[in-house]
Amino acid sequence: MSVQKADVVIVGGGIMGASSAFFLRKRGLSVILLERGLIGQQASGVNFGNTRRMGRPIEELPLSNRSREIWLKFRELFGDDAELLLNGHLRLGFKPEHEERMVRYAQDAQSFGLGMQMMSGKALRERYPYLAPEVMSGCLAPYDGHANPRLAAPAIGRAAVREGAQVFENTEIVSVEKEGEEFRVTAADGRVFRAPAALITAGAWGDRISASFGEPVPMIVKGPQMAVTEPVPYAIGPTIGGIADTFEQTVYFRQVARGNIVIGGGGHELPDMVNRRAYVNPRRTLMTLGNAPRVVPALANLSIIRVWSGIEGYMKDSRAAMGPSGRVRGLYYAFGFSGEGFQLGPGVGDVMAELIATGATSTPIAHMDIGRFARAEAVA
Amino acid sequence: MGQPRVIIVGAGPAGVRCAETLVAAGLRPTVVDENRRDGGQIYRRQPDNFTRPYAKLYGTEAAGAQALHESFDALCGKSGGKIDYLPETLAWNIADGELHVTHNQRTRSLPYDALVICSGATDRLMPVKGWHYAGTYSLGASQIALKSQACAIGRQIVFMGTGPLLYLVASQYVKAGARVAAVLDTSPFMRRVAALPKLLARPAVLRNGLALVMGLKRAGVPVLTGITPIEIKGSPETGVQGVVIRDNRGNERSFECDAVAMGYHLRPETQLADLARCAFRFDHETRQWLPETGEDGRTSVPGVYLAGDGMRVLGADGAEIGGRLAALAVLKDFKCPVSDDELFALRARQAGMERFRRGLVQAFPWPAQQAAQLPDEAIVCRCEAITAGELRRTVCDKGAQEANRAKALCRVGMGRCQGRYCGNAGAEVIAHAAGVPLEQVGRLRGQAPVKPLPIAVSEEK
Amino acid sequence: MMNISRPKPGLSSSRFARLAETERPAVCIVIDGRPAEALAGDTLMVAILNNARELRESEFGDARRAGFCLMGACQDCWVWTVDGARLRACTTVVEEGMQIVTTQPGAAWANLV
């Protein structure tokens, strides 16, 4: 059977894998990118599409900022449009405790250039006259925004191909093994791919590969519950997230330039990992439809035309596994971004390329070291 | 075994006869229908305050329409009735043995033991340049305007497409006093001749069809066959202004009009079957994906049955038989007594319908080749205004060779109608641009809600 | 009825043409701020298209739309009311006092509640 070789083999063609392939090529390394389906078809393609920095754990902000710089040059770098719209991100509170949380975060994150502004309910309704009277307070990150997840990863993947990456779609991988100084990745049809370095960006399936190298991680899979409205005139600039006390009360939405409003919330469902399908629970849709008009009452006039879900990997501590393997030389990970990976995607690719090519990265990622799970086990 | 809870979706010919058969066996099914009144599409009832008699409204189908309406009225009865009838109720989703419905901004979930989906069909459309201009309607729409609202869709109308409905509606318009500019059939006349053996399975229907064509010609309406649509001419200010075609000798012909009624036979509404996770198979003859059905409308999902045009387009008579067969299948599967004689008789009649159906497919084929000939500037997806050229670029430049991938990258099928009117043609364009067989392009993945769901719905406790 | 000559269709102010059932009570509605008359039993779509040539502006492209399937399948006939509500014209029965706008409301739709 045919054997393909490169400097780096990447397993998993979502936004993490596609970005890594692109930036590795920019650094002159040869790359093989392997994807079971089509580039960007899984979590990268079905997520909400937020490109926010506000709200992320503080230690994640350097990576988020690095990624943002790349988002701003998306078309120039990747040659295609991802419909990036930076009209701000608005977090809204309905109780005094919510305001306290937002103030605390704004203070903790103030040195990262997000430009956050706390706003009273009155000020919010003056600037955004569609907000409900129940909104008590809010925090605006004026430079954040959103993009189109259906377009982004595929565009990066095509750019990686133009840069000379070898991309193999419709290639299901059955094993990743180290043989001597080389990784041997075997496809279901018998094709073999070899490289001295391997990067696992297999998302919700990444834990299977890490476990096979003796590095299991506490990851579960969840299906987000998304809905979208008919297209209506553009009115809602920022992505909006309502602070909620339970997952079922969560609601967040964004209006795309064409006018459709994407709405997420209502918790998650358990995906069917055997058939690789995730379903939307009608009850969760109804929950979200009930919650949305509490934030923007006029949404009650509109209809949703489609719902969808997907498969996302969530780590127990909500941080990805990113960085070098703790056990195997030449092995690297970037998976399990726990529903927050979309905005980080371009930055993750840039950082992993830097790490693999030079041995180090200027962006702090130690908090996502996969070794933390083994250390926690050892202490326990 | 206790009485199964049966829900029937659709109060057209299939749903009505299904309900009637179940009631006769002692059950009390729930009948859910989106419309205000029963009858489905072909036997659509006019508003209460309209006065046209059945003969005027339904022509040769008057007896069938009246019989169906009277049967349903009997099921509803004056006090309580024999069924639970939920009109103006949209079935928008199915999950875990429950049908989710909405009525008047209130939503409920209805548990079932057996679900019979009689969702009917819509027109099947092949785009033509200019079909997005105001004044272009589906063929079914032009019939509904006349039948249900006593209106013509314009003052000078071109009927274009293929199938028996083309001639039926054009004739109805002439009889009602509307001005019909032309009847333009893409199927060559010889195909009808070749299909004659199959069409003879229903001689009365065939006779009626021939009479319609003669009637149109006697009325001075140009009737052309074997035509190729080139363009619907119009402007954003006026809408439709005319139609340009190539006739069967290759000459370009124009017809002035302010309305076009267009349709290429019908396509089943399969969204509920899809949400119920029924298996689909590719039907090579009609070049579309249909839910897989076994005997008598059973699907791959136990407890879910299909009948009528929503399963396979057999027309109203075929739908009535299919509805009865599905009811008998439900009864049998739930261990209720069933007359085998009745079963076999119905199956035999359906076999004749099926033969005729295949004759229609042969005589009036879906004009697949038009997709490849669409100019780049022709709109394929009306909802999102996506052109054939954009779709082709998505195939060639972005490697999208599959329906859902193309939809994700260029939005064909992402609009309000969720691919009802662009799905078939879109797949043909993709297949041709990618150089792959149509089956390989797959089909648009079904997603709830079946039709737009108002955000203002509240759950009924 | 003979279909003899075909005069050029003049641009009438209404798209649809009533052929029968005209002896019905009148129903008064408002279209783009102007009073219009419909008949009891009309769908909203028929009511509008017997007084105007289109129902709405298309969100995309330059053509205005006048509906398509008349059976609640194509979703091409959704119109705005003056209060910012949405109605599917072909499946809504016309009611006295309905106020329809056939242009897009702009961003104001979000502020109307």
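This note goes through chain A, the largest nonpolar core and the contact of chains B and C in a predicted model.

1. Local features need pLDDT of at least 70 and side-chain atom pairs count only at pLDDT 80 or more, while totals for chains, interfaces and linings use all residues. Residues are numbered from 1 along each chain as its sequence is written, and chains are lettered from A in the order in which they are written.

2. Chain A has 11 helices and 19 strands (DSSP runs, H or I of at least four residues and E of at least two, numbered from the N terminus). Its radius of gyration is 21 Å, close to the 21 Å of the globule rule for 380 residues, so chain A is as compact as a globular protein of that length (C-alpha atoms; the rule is 2.2 Å times the number of residues to the power 0.38).

3. In chain A, 57% of the 380 residues count as buried (20 or more other C-beta atoms within 10 Å of the residue's own, C-beta atoms being placed from the backbone).

4. The largest nonpolar core holds 301 residues, of which V9(A), V116(B) and I157(B) touch the most other members (buried Ala, Val, Leu, Ile, Met, Phe, Trp, Tyr and Cys joined through C-beta atoms within 7 Å). Helix α9 (residues 315-333) of chain B contributes the most, 10 residues.

5. On the side of chain B, α4(B) gives the most, with five residues.

6. β10(B) pairs with strand β1 (residues 17-18) of chain C, antiparallel, over two bridges (pairing needs at least two DSSP bridges). Here A152(B) is opposite A17(C).

Notes
A residue is buried if 20 or more other C-beta atoms lie within 10 Å of its own, exposed if 12 or fewer, and partly exposed in between; C-beta atoms are placed from the backbone. Two residues are in contact if their C-beta atoms, placed from the backbone, lie within 7 Å.
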